[in-house]
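Open the model in your viewer and get ready to select residues.

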Amino acid sequence: MSEEIKEFSFENEEYRQTYWHTCSHIMAQAVKRLWPEVKLAIGPSIKEGWYYDMDAPFAFTPEHMTEIEAEMRKICKEKLKLERFELPREEAIKFMEEKGEPYKVELIQDLPEDAPISFYKQGEFTDLCAGPHLDSTGRVKGNALKLLTCNAAYWRGDSNRETLQRIYGIAFPKKDELDAYLERLEEAKRRDHRKLGRELGLFMTSDLVGKGMPMFLPKGYTVWQILENYIKEKERKLGYQHVMTPCVGTVDLYRTSGHWDHYKDNMYSTVIDDEEYCIKPMNCPGGVLVYASKPHSYRELPIRAGEIGLVHRHELRGALHGLFRVRCFNQDDAHLFVRPDQLTDEIVGVVNLIDSVYQKFGFKYHVELSTRPEDSMGSDEDWARAEEGLRTALEQLGMDYEVNEGDGAFYGPKIDFHLEDSLGRTWQCGTVQLDFQMPLNFDLEYVDADGTKKRPIMLHRVCFGSIERFIGILIEHFAGKFPTWLAPVQVKALPVSEKSRDYAHEVCAKLEEAGIRVVCDDRDEKIGYKIREARSIDRVPYMLILGEKEVEAGNISVRDRSNETVQMSVDEFVAKVLEEIKTRA
């Protein structure tokens with residue numbers, strides 16, 4: 001593909017975003033043609049597609065969406081030229097007031113005095129916009145666009161302001177690309193962890209407990225424990241020790257750590273004996289106090305302290321989503337206290353650990369280096385040293401990375417790992433954060449080789465991120481078909497009739513004795529029904545189909561997820577499953 005063609009293809013992100021931005025204007029024009037009384041707010045392109053926020057005197061229905069799509073296709077066929085022009089502030093305000101667009105007027109009024117105020121015109125429709133756009137509505141393929149959903153949205157994200165309707169859309173240069181995208185969406189619906197979590201009996205929620213407070217059922221907690229044991233086993237081999245800290249601490253603890261000044265809107269607090277306390281939003285202050293509990297020599301460093309810690313954060317109700325966005329969750333946290341000469345090696349070690357974890361689950365990933373945010377603490381010198389430390393480690397590893405300006409934590413820069421699941425979606429999970437500030441705030445020290453006191457550097461690290469969220473990702477990644485070592489039920493024994501029921505229980509007893517998670521389905525149901533349920537609902541790795549033939553031969557018929565059935569002895573099958581568990585295949 002030539003450079004010129006690439007410039008005007010979806011391979012070029014700038015062109016892709018411009019294409020979708022133009023689609024948002026086409027959608028707004030279509031809405032205004034159909035319902036002139038609708039007021040327009042904002043309509044940006046986003047990572048996938050676009051949205052437009054609108055204030056309508058009625059609720060948009062699927063039927064309305066179909067009408068809008070049809071009108072959008074007409075506008076594409078009209079091949080309207082998009083023309084940019086600017087107006088002085090007062091003329092721009094008057095222009096939007098005459099069009100009856102109060103949200104646009106507010107946007108103009110909030111622009112800096114010296115900001116150019118630009119508009120884009122296409123046919124009879126004009127919108128306030130900085131651009132850029134395609135040169136014609138005819139560039140958009142009308143048969144390859146689709147409006148997806150309509151949700152409520154607050155004007156300017158403020159819950160005290162007007163409630164608008166946000167229509168999302170997607171478009172591609174070719175119809176088959178749209179069809180493939182819509183099929184991926186349907187597959188994502190089939191894999192929705194909320195749906196599968198309920199069907200598989202993994203977790204539940206209850207309004208009596210509270211929104212965003214998931215509870216794990218026996219099968220789900222089995223997966224949770226396997227993940228906990230897996231990460232702790234890897235950490236122990238790397239010299240980590242494990243600690244546990246309280247879920248509640250005084251507000252002074254979080255003032256000292258800096259969380260109260262930078263994060264209090266996301267924290268829960270309470271009063272105990274006339275003293276203000278906070279429910280733990282992060283594990284790091286506790287990890288710092290563990291380090292500070294005794295003097296340390298330079299010989300002891302690095303100190304690597306791991307903690308599976310329960311934290312609580314105030315998330316807006318509308319943002320809550322299954323296990324992905326919750327108000328209480330467990331982090332596989334670790335806090336490393338290192339000397340300056342150890343910094344690069346420790347970052348490299350953490351990155352290698354995270355890499356090995358993601359490889360085990362079959363995840364690809366990409367890396368971002370997030371730099372100093374506006375709301376931060378510490379000196380320019382410390383931030384420069386911290387960012388350089390992370391860059392040096394990534395370059396030593398030979399890892400490609402993107403720079404995400406201004407998205408670091410308030411106390412230090414970080415490396416974020418965005419993993420890709422089997423549907424090509426990305427999720428931010430692992431992170432390595434470098435922190436000069438918290439050791440300073442808590443006056444942490446170690447005695448150096450020359451007898452002087454020095455301040456350690458602190459590394460914050462998670463692999464899974466939130467265990468709850470990681471389980472949600474795994475459910476969708478595997479479509480509920482966990483690998484054998486992770487499956488809550490690894491084997492389901494299915495006696496064909498009452499004549500093989502006792503034999504099925506004998507086989508199950510041998511498997512249980514070997515440490516294999518097995519369930520015997522001895523209900524008086526037809527074998528075909530039990531097989532379908534085990535395969536499509538329970539999604540177990542292995543089914544044992546046990547009839548009179550197996551009883552007489554003293555062996556078992558093993559059916560795996562490919563529906564291949566083989567005969568083998570119980571001992572052979574036990575050895576096979578144990579090997580899969582041992583190697584975490």
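**Stop 1: the largest pocket**

Select helix 2 (13-34), strand 6 (145-154), strand 7 (163-171), helix 6 (175-190), strand 16 (364-370), strand 19 (426-435) and helix 15 (467-477): each supplies at least two residues to the lining of the largest pocket. Helices (H or I, at least four residues) and strands (E, at least two) are DSSP runs, numbered from the N terminus. This is a predicted model: local features need pLDDT of at least 70, side-chain atom pairs count only at pLDDT 80 or more, and totals for chains, interfaces and linings use all residues. Residues are numbered from 1 along each chain as its sequence is written, and side-chain values use heavy atoms, with hydrogens and water left out.

A pocket is an open set of points on a 1 Å grid over the protein atoms alone, with protein on both sides within 12 Å along at least five of seven lines; lining residues have an atom within 4 Å of a point. The volume here is about 1900 Å³. Now pick K47, E48, Y181, L185 and R425, the closest to the centre among the 41 lining residues. Which element gives the most to this lining? Helix 6 does, with 8 residues.

**Stop 2: the second largest pocket**

This pocket has a volume of about 1000 Å³. Select Y263, R313, Q331, K414 and Q428: of its 36 lining residues, these are the closest to the centre. Next, colour strand 22 (457-466), one of the elements that give two or more residues. Strand 22 has the largest share of this lining, 6 residues.

**Stop 3: the cavity**

A cavity is a set of grid points where a 1.4 Å probe fits but cannot get out. The structure holds 1 cavity of 30 Å³ or more. The largest cavity has a volume of about 100 Å³. Select its lining: L200, K219, G480, F482, A487, P488, V489, D538, R539, V540 and P541.

**Stop 4: the cores**

A nonpolar core is a set of buried Ala, Val, Leu, Ile, Met, Phe, Trp, Tyr and Cys residues joined through side-chain atoms within 4.5 Å. Buried means under 20% relative accessible area (1.4 Å probe, protein chains only). The largest core has 58 residues, and L227, F361 and F470 have the most contacts inside it. Helix 12 (residues 343-360) gives the most to this core, with 9 residues.

Centre on F470. What is it in contact with, leaving aside neighbours within four places in sequence? F470 is in contact (heavy atoms within 4.5 Å) with L227, Y358, F361, F363, L419, C429 and F464. Last, select C23, V38, F125 and I167: they are among the 36 residues of a second, separate core.

Methods
Buried < 20%, exposed > 50% of the residue type's maximum accessible area, 1.4 Å probe, protein only. Points joined across faces, edges and corners; volume = space filled by probe spheres on them.
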